Amino acid sequence: MEPSAKLSQKGESLSVERQQRQTNLIDFLRTIQKPNKPVESLGIHDSLVDSGLIDSLATLQIVEYLETTYGIDFASMGVDPEQLASIAGILDLIEKSRP
Amino acid sequence: MRARIALDQLGQFHENPAVIAWWCRLGGRALEWQTPARRRMILVLGAIWIGFKEPLETLARRNSPSQMPDELGAIVVALLAFALLWLCYKAASNFKSLPAFVRRHPYISLHLLYWGLIVFLLSTTPALGEWRSILVGVAFVFPHLIWRCGYLLQSGLHDRVAGTRFRDHLFYLWPVFGGSNTPYGKGFDYLSRCEAKTAEELARSQLAGIKLLLLSLAWSIVLDIWEAFVYGSGNSLSRALGAQPVVPYLNDLAQQPGSAPLWVAWASLYGELIRDVLKLAIRGHQIIGTLRIFGFNVFRNTYKPLLAESLVAFWGRYYYYFKELLVTFFFLPTFAQLGRKLRDRPDLRLFAAVFASAFAGNLYYHMLKGSRLLGEWQVPWPRVFYCFLLATGIFLSMWREKRRGGVTPPGGLGRRVLRIAGVWTFFGMIIIWNTNDGHAFYTRTMFFLSLFGL
């Protein structure tokens with residue numbers, strides 16, 4: 001089952017734009033996830049590191065992804081590891097950082 | 001196969017729904033009573049107790065009593081330490097109204113405050129009287145709190161302190177559950193995220209805590225056996241068995257390079273790594289086990305580092321909360337700041353962030369002790385070299401993993417054993433220089449060369 005479908009079943013009412021960002025983010029996470037921990041098994045509020053999906057190296061890759069894809073400037077706002085801990089946190093960060 | 005499954009289930013008893021349900025029934029009303037607020041209150045009372053006990057003990061241990069405050073002075077030091085923590089809480093809860101420099105560089109500002117105190121003390125003499133002694137006491141005690149205050153400021157930076165009370169933070173600022181200058185369980189944000197909110201979550205956390213306490217006990221027994229049969233001296237077990245030393249301790253051997261046969265030197269090297277990991281696991285499991293009993297289901301400090309297949313994996317699993325400290329206060333800020341300048345040079349950006357943390361941050365952390373800064377200062381060359389090797393190893397390991405792009409390295413038991421052996425050898429070797437004794441660099445380097453018959 002596609003994670004986006006699974007998450008929608010959980011009653012998340014997502015805007016189309018947020019839904020698209022979530023799909024893109026999950027596609028990206030698939031490229032950096034550990035092989036034995038599929039991203040499909042996670043809910044959007046589950047911790048990516050605690051669940052073993054990614055390690056601290058992958059956190060950097062998420063930062064790079066957000067910088068290049070959404071132009072987020074971490075130099076001015078700092079990196080908040082708690083914000084990057086879950087899919088929902090990352091989506092909130094993208095929304096918060098939009099001009 | 002069936003035995004393996006049974007063993008796995010036994011090892012994961014804390015996640016077994018039937019065991020959790022049994023623990024809930026057993027705990028009954030006691031579990032219901034242990035609400036997050038009550039559990040935190042118990043830890044706050046412990047924090048007040050440890051906040052006086054620790055400074056009194058720390059200052060009594062020091063060997064330069066002329067500079068140190070007396071017992072009454074030590075109580076004033078403890079009160080001042082509480083006052084500093086409160087000021088830090090106020091700064092975090094009013095973060096947006098702080099001066100622009102402090103908002104931009106909260107950690108640097110905090111450390112500048114401490115360095116200001118050190119400079120003041122170095123530029124004055126004990127003739128200044130009791131108040132100077134009290135400030136010397138603060139300089140000795142504050143390194144234990146400074147990284148915890150850093151986590152508090154981080155919570156303020158990300159707007160998570162407003163609406164909380166000082167006592168909501170006190171329990172991890174003066175942790176009664178233990179820890180070194182490194183904050184086990186990090187700070188408010190992480191602890192709050194991992195806190196059990198329901199009786200069932202508490203049961204799950206407590207069972208996980210009990211598992212860690214049992215593991216700690218088991219590793220203590222293994223360490224005693226290891227010390228008895230490998231080193232032949234040093235504990236009651238070896239004396240009772242009359243065990244003869246087989247391998248000398250690395251510290252003893254490193255002072256006399258070439259004094260032992262090659263196999264003994266190598267055995268001592270690997271033996272020291274195992275001993276080091278066991279000691280860290282025993283202490284870490286006790287602290288994290290206690291935290292979990294209190295409902296904070298946080299990561300272990302040490303998680304099977306001797307099975308790690310890469311340097312960066314070992315580093316993350318060996319002393320997790322120290323690694324997190326370096327990542328939070330050195331690695332991520334450097335990585336973020338270099339985003340504009342080095343966005344097109346990701347390898348250089350990674351290199352700078354790794355060296356800012358594993359080399360400079362690691363060195364700074366170990367230097368930040370009142371006794372060292374106010375005593376006779378010497379460059380800790382062995383540790384400088386140790387941190388350099390560590391940073392180089394971690395960078396190369398991260399770089400390789402990044403290049404690999406998430407693809408698992410080739411499988412097979414033989415290759416896996418080779419990779420693990422490589423990790424053991426690297427960390428076993430760099431331990432040789434993991435000391436602050438500035439005079440030891442030459443002899444330790446000679447010992448390293450003697451491992452290859454040179």
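The C-alpha centres of domain 1 of chain B and domain 2 of chain B lie 28 Å apart, in a model that is predicted. Domain 1 of chain B covers 34–176 and domain 2 of chain B covers 205–450, with bounds that come from an automatic or database domain assignment. Residues are numbered from 1 along each chain as its sequence is written, and chains are lettered from A and ligands numbered from 1 in the order in which they are written. Because this is a predicted model, local features need pLDDT of at least 70 and side-chain atom pairs count only at pLDDT 80 or more, while totals for chains, interfaces and linings use all residues.

### Confidence

The model scores ipTM 0.78 and pTM 0.89. In terms of pLDDT (the predictor's confidence in each residue, from 0 to 100), chain B averages 89, with 96% of the residues scoring at least 70, and chain A averages 78, with 78% of the residues scoring at least 70.

### Between the domains and between the chains

Across the domain boundary, 15 residues of domain 1 of chain B are in contact with 11 residues of domain 2 of chain B. On the domain 1 side, the elements that give two or more residues are helix 3 (36–61), helix 6 (106–122), helix 7 (130–141) and helix 8 of chain B. The residues of this side divide into 11 nonpolar, two polar and two charged, with Ala, Val, Leu, Ile, Met, Phe, Trp, Tyr, Cys and Pro counted as nonpolar, Asp, Glu, Lys and Arg as charged, and the others, Gly among them, as polar.

Between the chains, 19 residues of chain A are in contact with 23 residues of chain B. Helix 2 (16–32), helix 3 (56–70) and helix 4 (74–77) of chain A are the elements that give two or more residues to the chain A side, and helix 3 of chain A gives the most, with six residues. That side of chain A is made up of nine nonpolar, four polar and six charged residues.

### Helix pairs within chain B

| Helix pair of chain B | Nonpolar | Polar | Charged |
|---|---|---|---|
| Helix 4 and helix 8 | 10 residues | three residues | no residues |
| Helix 16 and helix 17 | 11 residues | four residues | one residue |
| Helix 17 and helix 19 | 16 residues | two residues | two residues |

The axes of helix 4 (residues 71–93) of chain B and helix 8 (residues 143–157) of chain B come within 8 Å and cross at roughly 20°; axes are lines fitted to C-alpha atoms, for helices over the stretch in contact, and angles run from 0 to 180 degrees between N-to-C directions. Helix 4 and helix 8 of chain B are therefore roughly parallel to each other, given that angles under 35 degrees count as roughly parallel, over 145 as roughly antiparallel, 65 to 115 as roughly perpendicular and the rest as oblique. Helix 4 of chain B passes helix 8 of chain B in a right-handed crossing, that is, with the near helix turned clockwise from the far one by less than a right angle, anticlockwise being left-handed. Residues of helix 4 that take part include B:Leu85 and B:Tyr89, and those of helix 8 include B:Leu145 and B:Leu152.

Helix 16 (residues 320–337) of chain B and helix 17 (residues 346–367) of chain B have axes that come within 8 Å and cross at roughly 150°, which makes them roughly antiparallel. Their crossing is right-handed, and the contact includes B:Phe330 of helix 16 and B:Ala353 of helix 17 of chain B.

Helix 17 of chain B also packs with helix 19 (residues 381–404) of chain B, at an angle of about 150° and with the axes 9 Å apart, so helix 17 of chain B is roughly antiparallel to helix 19 of chain B. This crossing is right-handed, and among the residues that meet are B:Phe351 and B:Phe355 in helix 17 and B:Phe388 and B:Trp399 in helix 19 of chain B.

Notes: Two residues are in contact if their C-beta atoms, placed from the backbone, lie within 7 Å. Helices (H or I, at least four residues) and strands (E, at least two) are DSSP runs, numbered from the N terminus.
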